[in-house]
Amino acid sequence: GIVLELLKEAMVSKLGDTKGFLINGYPQELKDAEEFESKIGEPKLVLCLDCSAETMTSRLLMRNQSSQNSDNTETIEERIESYFQASNPLIAY
């Protein structure tokens, strides 16, 4: 709801100044994609970068070393599993 309304407002305010929009990380769930299409329109292009769970885990563990983040391997694996559960239906859509 709120994210979509803010996104729509920002897009409408720039309609005359751009050839298109790059929206990174949204939608994250199928219901958000469906709502985006019904309220804003169907996207002309969708990019999905495929990355293995092992690569994601490795990169997040490296990021932890340079930040205050204290996620361990188990926590990261749970987050990645949640990501795939939410993303797979969206990617199929």
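**Pockets and their linings**

In this predicted model, the helix α4 is the element that gives the most to the lining of the largest pocket, namely five residues. That pocket holds about 1,600 Å³ of space. Its lining is made up of 37 residues, and those closest to the centre of the pocket are Ile23, Tyr26, Pro27, Val46 and Leu47.

Which elements supply at least two residues each to the lining of the largest pocket? They are α1 (2-13), α2 (30-39) and α4 (73-92).

Lining it are Met56, Arg59, Leu60, Arg63, Arg79 and Ile80. Two or more of the lining residues come from each of α3 (53-65) and α4. Here α3 has the largest share, with four residues. The classes in the lining of the second largest pocket are three nonpolar and three charged residues, with no polar ones.

The helix α4 therefore links the two descriptions, because a helix is counted as one DSSP run: α4 gives five residues to the lining of the largest pocket, and α4 is also among the elements that give two or more to the lining of the second largest pocket.

Technical notes. Residues numbered from 1 in each chain as written. Predicted model: local features only at pLDDT ≥ 70, side-chain atom pairs only at ≥ 80, totals over all residues. Heavy atoms only, no water. 1 Å grid on protein atoms, 1.4 Å probe; cavity = no way out; pocket = protein on both sides within 12 Å on 5 of 7 lines; lining within 4 Å. Points joined across faces, edges and corners; volume = space filled by probe spheres on them. Nonpolar A, V, L, I, M, F, W, Y, C, P; charged D, E, K, R; others polar.
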